[in-house]
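Biologist: Please take me through this model. I will ask about the fold, the chain contact and the DNA in turn.

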Number of protein chains: 2
Amino acid sequence: MSTLKYSRQRESIKEYLNSSCEHPTADMVYMSVRQEFPNISLGTVYRNLNLLADLGEAIKITTPNGGDRFDGRTAPHYHFCCTKCGNVIDLDLKELTHVNEAANEHFDGIIESHSMMFYGTCSDCINNQ
Amino acid sequence: MSTLKYSRQRESIKEYLNSSCEHPTADMVYMSVRQEFPNISLGTVYRNLNLLADLGEAIKITTPNGGDRFDGRTAPHYHFCCTKCGNVIDLDLKELTHVNEAANEHFDGIIESHSMMFYGTCSDCINNQ
DNA sequence: TATAATTATAGTAATCATTATTATTATTAA
DNA sequence: TTAATAATAATAATGATTACTATAATTATA
């Protein structure tokens, strides 16, 4: 196994993830971090986002359209995805703690976690339409 | 607006979706329907799967790896996705009916639906490891 | 502190899933 | 039966992501 080595690029990516609340795509992270590191490569962004997700320092959010999104907020919470504009928004909804066990009752494998995504229209799209 | 025209290819795709319980990817549908229509195009498969989903005759399941999957069972239900092999399995868990309203309480837009995916290890991967 | 070892990067090519294009074919309406 | 039109097959194009490789940055060691 290889040991993790510091990199300023990864630090900048992590910082941006933690400061942003828009659940950016890899490309959005790329655009932002390029202000500090004009030569950073999109591959570097992807590699580090996935690394941070593996380390548990970020969450990868699978969406139906427009690529995965990333979230620096690692505490369990749920998301809303607007079917009009695709934006992802944090929800204030307490964690469903018993569903994993409930789902496991009639199931032959081992259930460890779940993710839930809510869909509809965000307030921006309601107002601007 | 254009009127829908019958096609034997679409009929075969629909039939396969309804007979299968493995939540096939577009490519799996393609492989199967090719036995009846050797010249069918992958584009035709994609177009019809999306069309069926739009018509409400199938459900598109977004997964973290390996492409979207399709389900001919349209009654609301939840899925499990194995983190080892990627297989998608139906769960016997009753629908969470109040979460949409609960999520909407502190939210500025309109929430219409949700999807939930459970993760863990399926029984095949537990046994074969 | 200099040097060696090793990981990370930039730049680029390749891959995978999906959608778009277009000439031809199948279905439906007149 | 013919005309209108939607669907298809074949292929090209796109978008998101990963793989490759020579160089640069970081860390360990002498």
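Modeller: Helices (H or I, at least four residues) and strands (E, at least two) are DSSP runs, numbered from the N terminus. This is a predicted model, in which local features need pLDDT of at least 70 and side-chain atom pairs count only at pLDDT 80 or more, while totals for chains, interfaces and linings use all residues; side-chain values use heavy atoms, with hydrogens and water left out. Residues are numbered from 1 along each chain as its sequence is written, and chains are lettered from A and ligands numbered from 1 in the order in which they are written.

Biologist: In what order do the elements of chain A run from the N terminus on?

Modeller: Chain A has five helices and five strands. Its C-alpha trace spans about 50 × 50 × 20 Å along the principal axes. From the N terminus on, the order is α-α-α-β-β-β-β-α-β-α.

Biologist: What percentage of the residues in chain A is buried?

Modeller: Buried means under 20% relative accessible area, exposed over 50%, and partly exposed in between, with a 1.4 Å probe and protein chains only. Chain A has 129 residues, and the buried share is 41%.

Biologist: Why do the buried residues of helix 2 of chain A lie on the same side of the helix?

Modeller: Helix 2 (residues 26-33) of chain A has Ala26(A), Val29(A), Tyr30(A) and Val33(A) as its buried residues. They lie on the same side of helix 2 of chain A because they cover an arc of only 105° around the axis, the arc being that of the directions from the helix axis to the C-beta atoms. An α-helix has 3.6 residues a turn, so residues three or four places apart point the same way. For the residues of helix 2 of chain A, the value asked for is thus the arc of only 105°.

Biologist: Which elements do those buried residues pack against?

Modeller: Contact means heavy atoms within 4.5 Å. By that criterion, the partners of the buried residues of helix 2 of chain A are helix 1 (8-19), helix 3 and strand 2 (69-71) of chain A.

Biologist: Is Glu101(A) buried, partly exposed or exposed?

Modeller: Glu101(A) is in helix 4 (residues 99-104) of chain A. Its C-alpha is 8.9 Å from that of Glu112(A), eleven residues apart in sequence. With a relative accessible area of 48%, Glu101(A) is partly exposed.

Biologist: Which three residues supply more of the area that chain A buries against chain B than any other three?

Modeller: In the contact between the chains, 32 residues of chain A meet 32 residues of chain B. Buried area is the accessible area (1.4 Å probe) that two parts lose on being put together, summed over both. Chain A and chain B bury about 2,600 Å² between them, 66% of it on carbon and sulfur atoms. The three residues, with 18% of the area that chain A buries against chain B, are Phe107(A), Phe118(A) and Tyr119(A).

Biologist: Which residues come nearest to DNA strand C?

Modeller: A residue is near a strand if one of its heavy atoms lies within 4 Å of it. Of the atoms of DNA strand C within 4 Å of the protein, 80% belong to sugar or phosphate and the rest to bases. Among the 21 residues around DNA strand C, those that come nearest are Lys5(A), Ser7(A), Thr44(A), Arg47(A) and Tyr46(B).

Biologist: How far is the side chain of Thr44(A) from a phosphate oxygen of DNA strand C?

Modeller: A polar contact here is a pair of N or O atoms within 3.5 Å. For an N or O atom in the side chain of Thr44(A), the distance is 2.7 Å.

Biologist: Which elements give two or more residues to the surface near DNA strand D?

Modeller: Polar contacts to phosphate oxygens of DNA strand D include a side-chain atom of Arg47(B) at 2.2 Å, a side-chain atom of Asn50(A) at 3.0 Å and a backbone atom of Ser41(B) at 3.0 Å. The elements are helix 3 (42-55) of chain A, with helix 1 (8-19) and helix 3 (42-55) of chain B.

Biologist: Is Gly72(B) buried or exposed?

Modeller: Gly72(B) sits in the loop between strand 2 (69-71) and strand 3 (79-82) of chain B. Leaving out residues up to four places away in sequence, Gly72(B) touches Leu17(B), Asn18(B) and Glu57(B). Its relative accessible area is 14%, so Gly72(B) is buried.

Note on methods: Polar contact = N/O pair within 3.5 Å; in protein donor to acceptor, adjacent residues only side chain to side chain.
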